[in-house]
Amino acid sequence: MLEKNINLEGKTVLVTGAAGFIGSNLVLELLNTVDNIHIVGIDNMNDYYDVSLKEYRLEQISKCLEAVSGTFVFIRDSIANKEIINSIFDEYKPSVVVNLAAQAGVRYSITNPDAYIESNMIGFYNILEACRHNEVEHLVYASSSSVYGSNKKVPYSTEDKVDNPVSLYAATKKSNELMAHAYSKLYNIPSTGLRFFTVYGPAGRPDMAYFGFTNKLRNNETIRIFNYGNCKRDFTYIDDIVEGVKRIMQVAPLRQNGEDGLPIPPYKVYNIGNNSPENLLDFVDILQQELIKAEVLPADYDFETHKRLVAMQPGDVPVTYADTSALEKDFGFKPSTSLREGLRSFAEWYKEFYK
Ligand SMILES: NC(=O)c1ccc[n+]([C@@H]2O[C@H](COP(=O)([O-])OP(=O)(O)OC[C@H]3O[C@@H](n4cnc5c(N)ncnc54)[C@H](O)[C@@H]3O)[C@@H](O)[C@H]2O)c1
């Protein structure tokens with residue numbers, strides 16, 4: 001296992017995408033478990049999906065502040081705004097930066113490519129530049145399992161070649177890894193990229209299948225199951241992701257010089273996935289059972305008439321499967337929440353939120 005070299009207590013941490021699904025849960029976890037942590041959150045609150053969910057997540061953070069020693073400052077702006085990013089770094093001088101702000105989603109990148117270039121490329125570049133000109137101990141940033149494209153070899157390993165993205169979203173995430181590598185090498189910035197695998201849970205993203213299916217089933221609409229159900233996804237529960245990010249934040253890749261006297265880039269990339277892919281049809285089956293159990297759907301719901309098996313969508317991949325051996329070796333950690341447990345928490349939250 002690697003030794004912690006960053007103590008988050010009393011530190012200032014910048015979390016971008018703080019009103020997002022993963023960002024808000026990370027902020028809550030840090031506030032609840034780290035004494036005197038000072039978190040600066042930025043999010044542009046865009047309406048890619050229902051903004052009331054982002055507002056709900058920020059409310060959860062506000063409520064949590066009453067009982068903790070740390071602080072949280074929220075800035076509603078875009079990471080693509082260089083002046084704002086520079087002023088945040090000038091004012092708050094974050095020691096650790098977690099970049100989660102991005103335009104997510106594979107399918108949306110086909111119709112709205114501009115949003116990806118603005119947030120994922122220009123926004124990330126602004127973060128890198130700000131890290132370059134400030135004393136940042138560790139930059140942690142979200143990559144994605146989508147960088148594996150249509151690689152055939154599973155499980156996906158960070159040792160595999162990932163030069164064949166099949167969506168612009170994936171291309172921006174791979175580009176982020178390349179840009180981070182160059183900045184780590186040139187300016188000795190310790191950086192860790194995290195390839196997340198299909199993250200789900202309460203107050204998650206409505207553009208993702210488990211949430212979209214639930215909305216449709218509740219409205220008596222038919223759900224479309226792509227690739228005729230022959231898809232496998234490594235579903236990863238939000239609490240596991242947050243635990244992984246928190247551990248990784250505290251272990252910055254070491255700054256070392258090579259034989260040429262120049263820095264060996266303090267650069268790492270990890271998969272964070274469940275290491276246990278589930279068939280889409282099994283997943284839908286468990287989801288339906290848990291929705292009935294939570295009384296989101298009636299006990300006699302005729303599920304069979306509400307599902308349609310259809311062909312694969314452009315940009316999609318048939319399987320995602322994370323090799324998490326590096327995560328286990330370096331951090332003694334591996335996601336462990338079962339799909340049933342995770343979907344149960346989602347269904348119970350959904351019932352409460354939309355009651
Ligand atoms: N959820 C997943 O399954 C998954 C999988 C792989 C990678 N990721 C990556 O993890 C990160 C977080 O994902 P998430 O699921 O929480 O998504 P999310 O959309 O819920 O969160 C992203 C947040 O960033 C904000 N944002 C977008 N562009 C911005 C900009 N230019 N400036 C400031 N804020 C901006 C959005 O308003 C949103 O609240 C993203 O980088 C995403 O690409 C997520």
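A cavity is a set of grid points, laid over the protein atoms alone, where a 1.4 Å probe fits but cannot get out. In this predicted model, the structure holds 1 cavity of 30 Å³ or more. The largest cavity has a volume of about 40 Å³. Its lining is made up of Tyr200, Phe235, Asn274, Ser276, Glu278, Thr337, Ser338 and Leu339. Sorted by class, this lining comprises 3 nonpolar residues, 4 polar residues and 1 charged residue.

Rolling a probe the size of a water molecule over the atoms shows where empty space is left. The second largest pocket contains about 170 Å³ of space. Lining this pocket are 13 residues, and those closest to its centre are Thr158, Glu159, Val269, Tyr270 and Ala326. Two elements, strand 13 (267-272) and helix 10 (325-331), each give two or more residues to the lining of the second largest pocket. The class make-up of this lining is 4 nonpolar, 5 polar and 4 charged residues.

The next point of interest is the ligand. It is surrounded by 29 residues, of which Asp43, Tyr49, Lys54, Tyr169 and Val199 are the closest. In terms of class, the shell around the ligand has 15 nonpolar residues, together with 9 polar and 5 charged ones. At least two shell residues come from each of helix 1 (21-33), strand 5 (138-144) and helix 6 (168-187). Strand 5 is the element that gives the most to the shell, with 3 residues.

Which residues place polar atoms beside oxygen atoms of the ligand? Asp43, already listed among the closest residues, has a polar side-chain atom 2.6 Å from an oxygen atom of the ligand. For Phe21, a polar backbone atom lies 2.9 Å from an oxygen atom of the ligand. Asn46 takes part through its side chain, with a polar atom 3.4 Å from an oxygen atom of the ligand. Taken alone, the ligand exposes 820 Å², and the protein buries 97% of that area.

Strand 5 also deserves a look for one of its own residues. His138 is found in this strand, and its side chain reaches the backbone oxygen of Met249 at 3.1 Å. Is His138 buried or exposed? His138 counts as buried because its relative accessibility is 0%, and the cut-off for buried is under 20%.

Val27 lies in helix 1 and counts as buried, at 0% relative accessibility. The C-alpha atom of Val27 is separated by 32 Å from that of Asp160, a residue 133 positions away along the chain. Leu262 and Asp302 are 40 residues apart along the chain, and their C-alpha atoms are separated by 65 Å. Leu262 lies in the loop between strand 11 (256-257) and strand 12 (263-264). With a relative accessible area of 47%, Leu262 is partly exposed.

Some details of the backbone complete the picture. Most residues other than glycine have a negative phi, and most peptide bonds are trans. Against that background, which residues have a positive phi although they are not glycine? Asn36 has a positive phi of about 55°, and for Met45 the positive phi is likewise about 55°. Asn36 is found in the loop between helix 1 and strand 2 (38-42), while Met45 lies in the loop between strand 2 and helix 2 (51-65). Their surroundings can be described in terms of accessibility. Asn36 counts as partly exposed because its relative accessibility is 40%, which falls between the limits of 20% and 50%. Met45 has a relative accessible area of 6% and is therefore buried.

The peptide bond from Val154 to Pro155 is cis, with omega near -5°. Pro155 is found in the loop between strand 5 and helix 6, and these two elements both supply at least two residues of the shell around the ligand.

Key:
Residues are numbered from 1 along each chain as its sequence is written. This is a predicted model: local features need pLDDT of at least 70, side-chain atom pairs count only at pLDDT 80 or more; totals for chains, interfaces and linings use all residues. Side-chain values use heavy atoms; hydrogens and water are left out. A residue is near a molecule or strand if one of its heavy atoms lies within 4 Å of it. A polar contact is a pair of N or O atoms within 3.5 Å; within protein, one must be able to donate a hydrogen and the other to accept it, and residues adjacent in sequence count only if both atoms are side-chain atoms. Accessible areas come from the Shrake-Rupley method with a 1.4 Å probe; for residues, only the protein chains shown count as cover. Helices (H or I, at least four residues) and strands (E, at least two) are DSSP runs, numbered from the N terminus. Ala, Val, Leu, Ile, Met, Phe, Trp, Tyr, Cys and Pro count as nonpolar, Asp, Glu, Lys and Arg as charged, and the others, Gly among them, as polar. Buried means under 20% relative accessible area, exposed over 50%, partly exposed in between (1.4 Å probe, protein chains only). On a 1 Å grid over the protein atoms alone, a cavity is a set of points where a 1.4 Å probe fits but cannot get out, and a pocket is an open set with protein on both sides within 12 Å along at least five of seven lines; lining residues have an atom within 4 Å of a point. Grid points are joined across faces, edges and corners, and a volume is the space filled by probe spheres set on the points.
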